[in-house]
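Have the viewer ready to follow along.

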Amino acid sequence: MSGGKLYIQTYGCQMNDYDSDRMADLLASSHGLSLTDDPAEADVLLVNTCSVREKAQEKLFHQLGRWSRLKQNNPDLIIGVGGCVASQEGDAIARRAPHVDMIFGPQTLHRIPEMLDQQSVRRIRLTDVTFPEIEKFDRLPPPSVKPPTAQVSIMEGCSKYCSFCVVPYTRGTEISRPLESVVAELRHLAAKGVREVNLLGQNVNAWRGLVEDGEEADLAELITCTSVIEGIDRIRFTTSHPMEFSRSLIEAFADVPELVSHVHLPVQSGSDRILARMKRGYDVAHYMRIVEDLRAARPDIALSSDFIVGFPEETEADFEATMELVEAVNFDTSFSFIYSPRPGTPAALLKDETPPEVKKQRLYRLQDQLERQSRAHAAAMVGSRQRVLVTGESRARSNQLSGRTENNRVVNFTPAGSDDLTGQFVDLRIEKALPHSLQGVVWEAAC
Ligand code: SAM
Ligand code: F3S
C-alpha cells in the first residue's frame, strides 16, 4: 500500500470538501498515499458524500456502481464510503454495494488508517460511524496548506434539530474546538502564507471556546483574536444560524475591518407558520432585525441565504411570503432547494400534499428572482473599486489572473507587470459583469 494512489470523490458542502482534504492529508502521512485524478489508477477509492438531500445519496450509488467494475478488474482495490451518507445509510450501502470495504462517518474519518491496516490482514467490510467527541481533531495531522486561503473547521455537528435536517443525526451534536487549538492552527496557516481564512461549522456562530480561566469565548472574540494574527487580513465564517447571531457578532462587523462584508445567513422560508413547522426557532421579524442591524454596522454588507420550497403544507400564501422576504432583503447569491424528506427526521412524518409540479414552479420563480438580484448586485459593482485576493491564473484565460472580492465573486484581470501577484491583495476597478464572473483592471492602471 505504501506509495500507492488515492482517489477521493466528494459530493456536498464545504464541510465535506474540508473533510476530504483531511482524509488526503491523513493517508499521505499514515500510508504515503498520493492523490490521483484517475480512479482507474487508484489503490484506494473513497467517496465522501452528504445526505442532506436525496439527490446526493443517489449520486453515491451511481458512483459505487461504476467503481464495482474497477474492482472486478482489480480485486485488491479498496473502496471506502464516508461522510453524512455513511452515518445515515450504512446498512443500505452494505446491502446495495457489497463491494464496499469500509464505511466511516464524518467523526471517524481519523480512523481510516487503522481500517486500511485491518484490510491488509483480512478482507471483511468494516463499519465505524460512531461519534467519538472531539477525538477527530486531536488525531489528525496538521492540515496541508494551500495559500493564500484556508478553511478551518472550528466546530463539528449541530444541535438545532431543524425538523427537516439530518445533520444532527449524521454529524452528531455541536462540539466546539478549544480556542487555543484553533488559534494555533491559524498561526501555523499564517506562517505558511495564508492571507484569508474561512471559519467553518454547520452553525459556526454557536462556537464557544473554553479559555484558561474557565470562561468561554464566543465567535466574535475568536474573530478578534484571528484579526490580530500577523498575515491574516481576511476573515469569513460559514454557516451562521439566525438564532445565534448575537449583538457581539454584529458589532464585530463594525469593529473588525478584516471581517469581510459578506454573510451567509440561511432563512429557509419567509413564512412564520412554515418556520415554526421547520423548528427554526425564529420568525421573519427576528431575521429582518438581524439584516437591519448588520446593515447599520456595515452598510455595504452583501447577504446570501438558503431557501427550502415545498416544505410539507406550504401554501401559495406561505410561498408568497418567502418571495416578499427576498424582495425586502435583496440578496446577493443564494442557494435554494425543493424540500427532500429525509428518513428519521420529524418532517418526514408530516403530510405532504403539494404536487411535485407545483414545488418545481415555486423553485423556478424563487430562483429567477434570486438570480435577478444577484445579477443586479454584479452590475452595480461595475465602476467600483474592489480589493481582491489573487488566487492564481484565471481558468478562463491563461494570460489573466483571478481573485476574489469580499462578497466572494471571482474577478479576472490582466496584471499590469510581470510580477506574480498570487497571494497578494490587489485593488481593481470592475469593468464588466459576466454571468459567473467579473472583469477588472488594476486600479492604478485604470485611474
Ligand atoms: N446550518 C445551516 C443553517 O443554519 O440552516 C444549514 C446547513 S444545511 C446542511 C445546508 C442547507 O441545506 C440548509 O440551509 C437547507 O436549505 C438545505 N437542506 C437541509 N435539509 C434539507 C432537506 N431535507 N431538503 C432540502 N433542503 C435541505
Ligand atoms: Fe441542519 Fe438546522 Fe443544523 S438546517 S445543520 S439542523 S441548523
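The notes below go through selected salt bridges one by one.

## About the model

This is a predicted model, in which local features need pLDDT of at least 70 and side-chain atom pairs count only at pLDDT 80 or more, while totals for chains, interfaces and linings use all residues. Residues are numbered from 1 along each chain as its sequence is written, chains are lettered from A and ligands numbered from 1 in the order in which they are written, and side-chain values use heavy atoms, with hydrogens and water left out.

## Buried pairs

The structure holds 29 salt bridges (a side-chain nitrogen of Lys or Arg within 4 Å of a carboxyl oxygen of Asp or Glu). One of them joins R171 to D19, at 3.2 Å from N to O. R171 lies in the loop between α6 (167-170) and β9 (175-176) and D19 in helix α1 (residues 14-31), so this pair ties together parts 152 residues apart in sequence. Helices (H or I, at least four residues) and strands (E, at least two) are DSSP runs, numbered from the N terminus. Both R171 and D19 are buried, that is, under 20% relative accessible area, with exposed meaning over 50% and partly exposed in between (1.4 Å probe, protein chains only).

R234 and E196 form another salt bridge, with their closest N and O atoms 3.3 Å apart. Since R234 belongs to strand β13 (residues 234-238) and E196 to strand β10 (residues 196-200), the pair ties together parts 38 residues apart in sequence. R234 and E196 are both buried.

## A partly exposed pair and a network

R365 meets E320 in a salt bridge of 2.9 Å, N to O. R365 is partly exposed at 38% relative accessibility, and E320 is partly exposed at 29%.

Finally, K160, E174, R208 and E244 are joined into one network by salt bridges that share partners.
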